[in-house]
Amino acid sequence: MAENDVKLLGSWPSTFVMRPRIALNIKSVDYDFLEEQIASKGELLLKSNPVYKKIPVLIHYGKPICESLIIVQYIDEYWSSGPSIFPSDPCDRAIARFWACYIDDKWFPLLRRLVVAQGDDAIKAALYPVVEGLVLLEDAFKNCSKGNKFFGGDKIGYVDIALGCFLGWMSVTEKMNNIKLLDEAKIPRLYKWAGDFCADSAVKDVMPETDKLAEAAKALLPKIRADASS
């Protein structure tokens, strides 16, 4: 792969940007990470993603690919000689896509509501549905992992990437609000999975440290709250 053939537009605190970074690491693909400021949108981003104007964007041989899970699928298909991110069985692939859709369409909006909540009553009200969703994902993990470390089996797969990218912000939310999301007593399998995921060589160098992310969150929360209310 020639130098600069693979570029990723993103920002290090972004959960969704972490997805293609992990996928590229799994495939051992060298890439240029072009840091975007979340508060502003650079010319290359606007040109590469004129519809949504959002990160991440993968630029491969000058061609942009947008949306985090679509990028992950592209990476898995293009660099097919590396470790597979999707299951080989068609039914297992469909199930993996189903849970990834659930995470983005149903569970993530609940987490975002908790992240922006202010005041004890609002936080308490927002916490319950997030934990309820994690209990559901605990059961999904049991079925998908088939007794292995990850949703994808013995190696990180598509659902692992879809959910694992939120672990940094979950830790920050726990710290800032003095709450517990990954409760070992309630969701023991996901609790252990989270530790295994963050320790994996494809993840550990791109997963933000909680304290560093918490500092960034202080500056980002006003924008996140404004976006959530719009």
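Modeller: A salt bridge is taken here as a side-chain nitrogen of Lys or Arg within 4 Å of a carboxyl oxygen of Asp or Glu. The model is predicted, so local features need pLDDT of at least 70 and side-chain atom pairs count only at pLDDT 80 or more, while totals for chains, interfaces and linings use all residues. Residues are numbered from 1 along each chain as its sequence is written, and side-chain values use heavy atoms, with hydrogens and water left out.

Searching the whole structure gives seven salt bridges. One of them joins D104 to R19, with the closest N and O atoms 2.7 Å apart. This pair links distant parts of the chain, since D104 lies in helix α4 (residues 90-116) and R19 in helix α1 (residues 15-26), 85 residues apart; helices are DSSP runs (H or I, at least four residues) numbered from the N terminus. Buried denotes under 20% relative accessible area, exposed over 50%, and partly exposed in between (1.4 Å probe, protein chains only). D104 is therefore partly exposed at 21%, whereas R19, at 0%, is buried.

Helix α4 also holds D92, whose partner K146 lies in the loop between α5 (120-145) and α6 (158-164), so this pair ties together parts 54 residues apart in sequence. D92 is partly exposed at 26%, and K146 is exposed at 57%.

A further salt bridge, between D196 and K192, has an N to O distance of 2.9 Å. Both residues lie in helix α8 (residues 188-199), four residues apart, about one turn of the helix. D196 counts as buried at 18% relative accessibility, while K192 is exposed at 52%.

Conventions: Helix = DSSP H or I, 4+ residues; strand = E, 2+ residues; numbered from the N terminus.
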